[in-house]
Amino acid sequence: MMDQVNLGLVGGGTVGGGVWQALQRNGDLMAARLGLRLQVVRMAVRDPKRTRGFTVPTSVLTGDWSEVVHDPQVQIVVELMGGTTTAREVVRAALKLGKPVVTANKALLSAHGPELFALAAKHRTNLYYEAAVAGGIPIIKALRESFAGNRITRIAGIVNGTCNYILTRMKLEGAEFSEVLADAQRLGYAEAEPSLDIDGHDAAHKIGILASLAHGFWVRPEAIHTEGIRHLSKLDIQFAGQLGYTIKLLGIIQPVASAAPSAAKKGRNTKKAPDDGQASGIQVSVYPALVPNTHVLASVNHAFNAVAVRGDTVGDTLFYGRGAGQDPTASSVLGDLADAALDLRAGNHHRVPPFAAHNGQGRVVPMDTIASRFYVRLDVSDRPGVFARIATVLARAQIGISSIIQPEGHSGETVPVILMLDAASNQSVRKALATIGKLPVVKSKPVVLRVENLD
Ligand code: NAP
Ligand code: HSE
């Protein structure tokens, strides 16, 4: 008889349902590969009576998560319910019993990671979280194990499937943001609370986890500069296209030497990973950015994610795959379950170290001190002297303009003006645009996006 490892699932929605169905489909194959059979013996859902797209025996299903966690048969707990309140209780209860936990919950890890990893260590068990970042892409395993011999000099990633899906449809169809959000929800990509996706928080949760793994200290979510895509219009997508760029919600993690405002140089980003590895800290940020169409990240479309990792030993690598949705996420959960089951059998409770294991020290550099190139869209009155007023403010702040687009309008109308700015500190651009936004000729809040060459 083959050994069996018993699983308790908390959550049977998009991801939980995917895990259940994938195990029905590929359970025999996994058993043959692992020499162990993974069997779901309990599953908790909010409403056990609800009709689902798959059948779970009533003896397995319950409406009470604590029955799953405390069932002596259950050896590994899989938290797939989402949220940070009850999910935290579930994970804590399982870890306190010494049961390994597999989770896809990046919001939970972002909010309570240090506590939960410490609890796992204290109770000599493991917490696995591959599905928490970039859906089906095995980026956690790569950073934690495959790149153990590298200093990570840059991570640039598209890690939110919902935003990438929305931006792709805005570009390909000329659709407006609000028209495509509902489709992302229907397809199971969006979080229960969609503002987590569109305001950049979900990407920040994931980028924080990657930054912590790559740089060996816990990156607090509050330290991550986060912007979403809610304010973008199809006009921005179109103008970026005219300039040879595609707008993507990017997560960026890289060592930086703080760039003072005077470091602004014409034409290129001035932020650079210092050659000697003696950075003053790391940039950890999420924002929509213009990516050159020639860069591979510009071609990552729909709910696909991609994470470009640069290591000092390996050089440039790219991880690409489906970043959201039922099956890709289930795939990562199953990968973690394979590790968890084998670790359990081998009595290995520290193969997967907590985030801060290798260093524990470091600092996130404030965004204001970092230099970037910028795209700015202003809605202005089409009358003489407008450019002069805007250019004066920028010149006083020593910010150069590298190009201007203004579609032809009629005198007195409000027309969009696009400015591409030379590299300047985020602080100086923020201040200059606050002044420009108050000029009577400027008719709405400026739209400001960074330009990332990623070279
Ligand atoms: P979902 O479809 O809303 O499923 C949530 C599941 O949890 C449902 O089965 C729900 O029960 C159950 N549940 C909620 N509250 C419960 C409670 N108090 N007790 C027991 N069960 C409870 O969510 P999801 O999309 O699968 O996401 C689950 C997790 O995976 C989240 O942390 C999410 O961030 C993460 N994730 C999702 C994706 C994705 O593409 N969807 C990708 C990566 C990671 P009912 O079915 O009865 O409502
Ligand atoms: N809502 C998330 C996304 C799910 O759109 O990427 C995958 O983590």
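This section describes the surroundings of two ligands in a predicted model.

Several polar contacts involve backbone atoms of the protein and oxygen atoms of the ligand. For glycine 13, a backbone N or O atom is 2.9 Å from an oxygen atom of ligand 1. For valine 15, a polar backbone atom lies 2.8 Å from an oxygen atom of ligand 1, and a backbone N or O atom of aspartate 47 is found 2.8 Å from an oxygen atom of this ligand. On its own, ligand 1 has 900 Å² of accessible area, of which the protein covers 85%.

Ligand 2 also sits in the largest pocket. Around it are 13 residues, with Lys106, Gly161, Thr162, Tyr189 and Glu191 coming nearest. The shell divides into four nonpolar, four polar and five charged residues. Helix 6 (161–173) and helix 9 (201–215) each contribute at least two residues to the shell of ligand 2.

Side chains provide polar contacts to ligand 2. An N or O atom in the side chain of glutamate 191 lies 2.7 Å from a nitrogen atom of the ligand, and an N or O atom in the side chain of aspartate 197 is 2.8 Å from a nitrogen atom of ligand 2. In the case of lysine 206, a polar side-chain atom is 2.7 Å from an oxygen atom of ligand 2. The protein covers 95% of the 250 Å² of accessible area that ligand 2 has on its own.

Definitions and conventions. Residues are numbered from 1 along each chain as its sequence is written. Chains are lettered from A and ligands numbered from 1 in the order in which they are written. This is a predicted model: local features need pLDDT of at least 70, side-chain atom pairs count only at pLDDT 80 or more; totals for chains, interfaces and linings use all residues. Side-chain values use heavy atoms; hydrogens and water are left out. A polar contact is a pair of N or O atoms within 3.5 Å; within protein, one must be able to donate a hydrogen and the other to accept it, and residues adjacent in sequence count only if both atoms are side-chain atoms. Accessible areas come from the Shrake-Rupley method with a 1.4 Å probe; for residues, only the protein chains shown count as cover. A residue is near a molecule or strand if one of its heavy atoms lies within 4 Å of it. On a 1 Å grid over the protein atoms alone, a cavity is a set of points where a 1.4 Å probe fits but cannot get out, and a pocket is an open set with protein on both sides within 12 Å along at least five of seven lines; lining residues have an atom within 4 Å of a point. A molecule sits in a cavity or pocket if more than half of its atoms lie within 2 Å of its grid points. Helices (H or I, at least four residues) and strands (E, at least two) are DSSP runs, numbered from the N terminus. Ala, Val, Leu, Ile, Met, Phe, Trp, Tyr, Cys and Pro count as nonpolar, Asp, Glu, Lys and Arg as charged, and the others, Gly among them, as polar.
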